[in-house]
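Keep the structure open while you read.

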Amino acid sequence: MGIKVGIIGATGYAGVELVRLLLNHPQAELAAVGSVSFEGKPISEIYPNLAGIFEAVLTSDEQVIEKSEVIFASLPHGLSEKYAASCAEQGKVFIDLGADFRLWAEEDYKQWYGLEYHDLTLHQNAVYALPELYREQIKGKTILGNPGCYPTSIGLGLYPALKSGLLDTKSIIIDAKSGVTGAGRGLSQTTHYPDCNEAFSPYKIADHRHTPEIEQTLGDIAGERVTVTFVPHLLPVNRGIVSTIYGTLKKDITLDEVFDLYKSTYKEEQFVRICPKGTAANLKNVRLSNYCDISLHLDERTNRLIVVSAIDNMGKGAAGQAIQNMNIVCGLSENTGLNSVPPCF
Ligand SMILES: NC(=O)c1ccc[n+]([C@@H]2O[C@H](COP(=O)([O-])OP(=O)(O)OC[C@H]3O[C@@H](n4cnc5c(N)ncnc54)[C@H](OP(=O)(O)O)[C@@H]3O)[C@@H](O)[C@H]2O)c1
């Protein structure tokens, strides 16, 4: 008998990626999957790739909580507090893939999401669960805010440089690209096939909701307020994020020294890979995996460090990282169920 896990919002993109990964997790038993729109239908009717493998009937969210010890919520923002409260009352672990438990300052949540925190105690008890930065704080917690996809790639990409005081914290510019699954399963004009295929464009320029989360993490690393210019783009591929990050150097440093710094910082981290010198991180190499690939570059002419960070938005950017977090709180080896090799093409 494994750990009983359940998913609220299992029919969404991140939710069904959790299903796919948890079915291969040796210590987890997928006890219940929830849906509002498809309650009573087998999940394999909505996702026929699951036929003959997992044909559980979608149930109410309350039943998911009742049947599970660890509950993942993969919902639009603003819906998770009541589920976190219910899990807390019943002594269960709640891992939220949305934005409701990521921001420490309610002001930021109000400003960027237009909503309030209703139960401050829940938020005080929650942890921002980026394992490579906050592993010790995650242990023993029962409400976890799983980081956003862009903030994961950016936090991991800048952690060694900011921790060592290498960068001018007012100089950071992030040019990031995400595959279309980042927008979720809902239909929209921008993700309509003829509109996004053969197309490439920025969106929400300097106005994306991940900005406060990025600045929260970078500020915490640097020990001072960090402001960034963040420009996301919609990339016409299904999955993957590449963040190209520029920062002005405050110290004299060689590229070899930057490599040493990053390699020593991440030497114990299975899921962070530093690309060989002279190569660039590529989303192709992290697809369908929990890896974050980071490449490092110096522009000596302009005195800028350039970091390229690539993840799979569905993997390390969502479901994979959520399972990594479940492994931490359940005392399992952190890579349990996450060792799949990225495909070659
Ligand atoms: N996509 C990514 O790359 C990614 C990465 C990191 C984090 N996230 C976060 O994970 C969460 C889920 O994202 P997603 O991309 O999987 O979204 P999605 O594909 O739109 O799925 C969300 C699911 O939530 C369910 N839902 C329940 N109540 C709902 C309501 N009142 N309105 C709309 N849907 C409702 C829907 O399923 P039913 O109708 O069947 O109940 C829907 O399928 C979001 O908070 C997102 O920000 C996403």
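How many of the six residues of strand 7 (residues 173-178) are buried?

Five of them are, so strand 7 is largely enclosed by the rest of the structure. Buried here means under 20% relative accessible area, with exposed over 50% and partly exposed in between (1.4 Å probe, protein chains only). Bear in mind that this is a predicted model, where local features need pLDDT of at least 70, side-chain atom pairs count only at pLDDT 80 or more, and totals for chains, interfaces and linings use all residues. Residues are numbered from 1 along each chain as its sequence is written, and side-chain values use heavy atoms, leaving out hydrogens and water.

Strand 7 runs parallel to strand 9 (residues 229-234), joined by six bridges, and Lys177 sits opposite His233 there. With strand 10 (residues 241-248) the pairing is antiparallel, again over six bridges; Ser178 has Ile241 as its bridge partner in that strand. Strands (E, at least two residues) and helices (H or I, at least four) are DSSP runs numbered from the N terminus, and two strands pair if DSSP finds at least two bridges between them.

Zoom out and you get an open, mixed sheet of seven strands, ordered 8-9-7-10-13-12-11. Strand 8 (201-202) and strand 11 (272-274) are the edges: each has a single partner strand, so one side of each has no neighbour in the sheet.

Touching, or contact, means heavy atoms within 4.5 Å.

## Helix 4

Helix 4 (residues 81-89) has Glu81, Tyr83, Ala84, Ser86 and Cys87 buried. These pack against several elements, including strand 1 (3-8), helix 3 (61-67) and helix 6 (120-124). After the helix comes Gly91, with a positive phi near 70 degrees.

## Gln321

Now look at helix 12 (residues 315-329), which holds Gln321. Gln321 is buried, with a relative accessible area of 0%. Leaving aside neighbours within four places in sequence, its contacts include Ala129, Glu132, Asn146, Thr152 and Asn290.
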